[in-house]
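Thanks for asking me to look this one over. My notes are below, as numbered points you can read beside the model.

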Amino acid sequence: MVHVALTIAGSDSGGGAGIQADLKTFQELGVFGTSALTAVTAQNTCGVSAIQPIDAAVVTAQIRAVMEDFDIKAIKTGMLFSAEIIHAVADAFHWRGIPLVIDPVMIAKGGASLLKDEAVVALKTVLLPHAAIVTPNIPEAEVLAGMEIKSEIDMEQAAKHIIALGARAVLIKGGHRKEASFAEDLFMGADGERFLVRAPWIDTKDTHGTGCTYSAALTAFLANGETAANAVVSAKCFIHAAIEDGLKIGGGHGPTNHWAYGRRGNKTMEGVVVYG
């Protein structure tokens, strides 16, 4: 049986992030991907040159059209851009009880803002309480938790703050802690479950779309029936492979390799360690 997932996010004309990365990831993990577009961006590996948000009513119509016809097993959100769109997303599906992965996309790899300031409040108050898991990187976690993150202890405190907003679990991605020789992420559940998942640091500029791809992999594993904790570990293996086997295309921050995980077969866990 083929399971279906829905991504609600922006379009990346360069193909490395956003809707495009999500659908590629779903496909690679055997999940049928559906989508609701929130914004169109003109971007490539060097940066974002234009953003055109989609009318909130059209976002709602896309979500309803998909959900009326498909048995959606998991949903992820990416770039939501505005408070109006966030309210539209929450109103469209929150009552259905489908696992929701929130990737709180705020800043593009090249530095462009992808979430309006006033939308942060809506994200925290309207959408996060419906999340099965939230997947911020460290800068995003600092905004959501209202604190600076410099250490593993800080990551734990930030995770607790985010869970207090209503999310059932949080995965804080530690890739921005460049002083470490590894990329270490913290998973924490509202039920007290906690662990760290670590992979070797990879010195590469091919990191465009890592957050989108990681959260999309997590969503796909949830759609296929994995628990949140197991889905996190499997998604970490997926993104580690995608970064390690970079495609080396584009003149800036190149995209990750969505084929890598499948091509590694039973070697996907190499280098990934779970502890704590």
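Predicted model: local features only at pLDDT ≥ 70, side-chain atom pairs only at ≥ 80, totals over all residues.

1. Residues are numbered from 1 along each chain as its sequence is written, and side-chain values use heavy atoms, with hydrogens and water left out.

2. **Overall fold.** The protein chain has 9 helices and 10 strands (DSSP runs numbered from the N terminus, with helices being H or I of at least four residues and strands E of at least two). Its radius of gyration is 17 Å, close to the 19 Å that the globule rule gives for 276 residues, so the chain is as compact as a globular protein of that length. That radius is taken over C-alpha atoms, and the rule is 2.2 Å times the number of residues to the power 0.38. Along its principal axes the C-alpha trace spans about 45 × 40 × 40 Å. Of the 276 residues, 56% count as buried (under 20% relative accessible area; exposed is over 50% and partly exposed lies in between, with a 1.4 Å probe and protein chains only).

3. **The largest nonpolar core.** This core has 54 residues, and I8, I63, I75, I86, V89, L127 and V134 touch the most other members. Helix α3 (residues 83–93) gives the most to it, with 8 residues. A nonpolar core here is a set of buried Ala, Val, Leu, Ile, Met, Phe, Trp, Tyr and Cys residues joined through side-chain atoms within 4.5 Å. Apart from this one lies another core, of 35 residues, among them A223, A235, A241 and A260.

4. **Helix α3 and L127.** In α3, 8 of the 11 residues are buried: A83, I85, I86, A88, V89, A90, A92 and F93. Leaving aside neighbours within four places in sequence, L127 is in contact with residues including I86, V89, A90 and F93 (contact means heavy atoms within 4.5 Å).

5. D206 lies in the loop between β9 (194–200) and α7 (210–223). D206 is buried yet has no salt bridge, and the nearest side chain of opposite charge, K205, is 4.2 Å away. For the salt bridge, the criterion is a side-chain nitrogen of Lys or Arg within 4 Å of a carboxyl oxygen of Asp or Glu. What does lie by the D206 side chain is backbone: the nitrogen of K248 is 3.2 Å from one of its polar atoms, and the nitrogen of G254 is 3.4 Å from a polar atom of that side chain.

6. **Two backbone angles to look at.** Most residues other than glycine have a negative phi. F81 has a positive phi of about 70°, and K248 has a positive phi of about 55°. F81 lies in the loop between β4 (72–77) and α3 and is buried, with a relative accessible area of 11%. K248 lies in the loop between α8 (228–244) and α9 (260–264) and counts as exposed, at 65% relative accessibility.

7. **Salt bridges.** The structure holds 10 salt bridges. The side chains of K173 and D103 meet in one of them (3.7 Å, N to O). K173 lies in the loop between β7 (169–172) and β8 (182–189) and D103 in the loop between β5 (100–102) and α4 (117–127), so the pair ties together parts that are 70 residues apart in sequence. K173 is buried, and so is D103. E184 and R198 form another, at 2.9 Å from N to O; E184 lies in strand β8 and R198 in strand β9, so this pair ties together parts that are 14 residues apart in sequence. E184 counts as buried, at 4% relative accessibility, whereas R198 is partly exposed, at 26%. E152, E156 and R194 are linked in a network of salt bridges.

8. H3 is found in the segment before β1 (4–12). Is H3 buried or exposed? H3 is buried, with a relative accessible area of 18%. A polar atom of the H3 side chain lies 3.2 Å from the backbone oxygen of A223.

Terms used: Lys, Arg positive; Asp, Glu negative; His and termini not counted. Polar contact = N/O pair within 3.5 Å; in protein donor to acceptor, adjacent residues only side chain to side chain.
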